Amino acid sequence: MPNNSETISAVFHSLADPTRRAVIERLSEGPAAVGELARSFNMALPSFMQHLSVMEECMLVKSYKTGRVRIYHLVPKQLKLAEHWMTEQRSIWEKRLDQLDNFLYKLKEKEK
C-alpha cells in the first residue's frame, strides 16, 4: 500500500463487510483452508474468493499453499493499525469533549 492513510482506508473497507468480519473472527482461532472458511457462507466459491482477495490486498490475511490446499491466516498487525487509528481518534474527541465540558462549567459558574 502506498501510504498509511490508504492502508487504513483499505483495512476499514475490508472490515465494513460482515462476511469478511466473520472470516476474521474465524481466523482469530487459527489458520484455515479456503474450503473450511467458505463452508460457513451461502455463496459461490468465486464470490467468497473475492472476499479473501480484498482481505489479502490490504494485508489483513495472508495465504500459502500446502499441496493443493490454500491456507489463510490472520495478520494482526493490520488490525492493530486500525485499532491505533481509532484510539487516536478517541483521544482527540475525548480532549475536545473535556474542553467543551470545562467551557460549559465556567459559563455556568459565571451565570451564578
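Helices are taken here as DSSP runs of at least four residues, numbered from the N terminus, and the model shown in these views is a predicted one.

View 1. Arg90 is exposed, at a relative accessible area of 58%, whereas Glu94 is partly exposed, at 39%.

**View 2. A salt bridge between Arg26 and Glu36 links distant parts of the chain.** The side chains of Arg26 and Glu36 meet at 2.6 Å, N to O, with Arg26 placed in helix H2 (residues 18-27) and Glu36, 10 residues apart from it, in helix H3 (residues 34-38). Arg26 is partly exposed, with 22% relative accessibility, and Glu36 is likewise partly exposed, with a relative accessible area of 33%. The count of salt bridges in the model comes to two.

**View 3. Leu97, Leu100, Phe103, Leu104 and Leu107 make a nonpolar surface patch.** The area of this patch is about 480 Å². One of its members, Leu104, is found in helix H5, which spans residues 76-111, and its relative accessibility of 45% counts as partly exposed.

**View 4. Met59 has a positive phi in a loop.** Most residues other than glycine have a negative phi. The phi of Met59, however, is near 65 degrees, and this residue is found in the loop between helix H4 (45-57) and strand S2 (61-66). Met59 is partly exposed, with a relative accessible area of 34%.

Terms used. Residues are numbered from 1 along each chain as its sequence is written. This is a predicted model: local features need pLDDT of at least 70, side-chain atom pairs count only at pLDDT 80 or more; totals for chains, interfaces and linings use all residues. Side-chain values use heavy atoms; hydrogens and water are left out. Helices (H or I, at least four residues) and strands (E, at least two) are DSSP runs, numbered from the N terminus. Buried means under 20% relative accessible area, exposed over 50%, partly exposed in between (1.4 Å probe, protein chains only). Patches are made of residues with over 30% relative accessible area and no salt bridge: like charges are joined within 9 Å, nonpolar side chains (Val, Leu, Ile, Met, Phe, Trp, Tyr) within 5 Å. Accessible areas come from the Shrake-Rupley method with a 1.4 Å probe; for residues, only the protein chains shown count as cover. A salt bridge is a side-chain nitrogen of Lys or Arg within 4 Å of a carboxyl oxygen of Asp or Glu.
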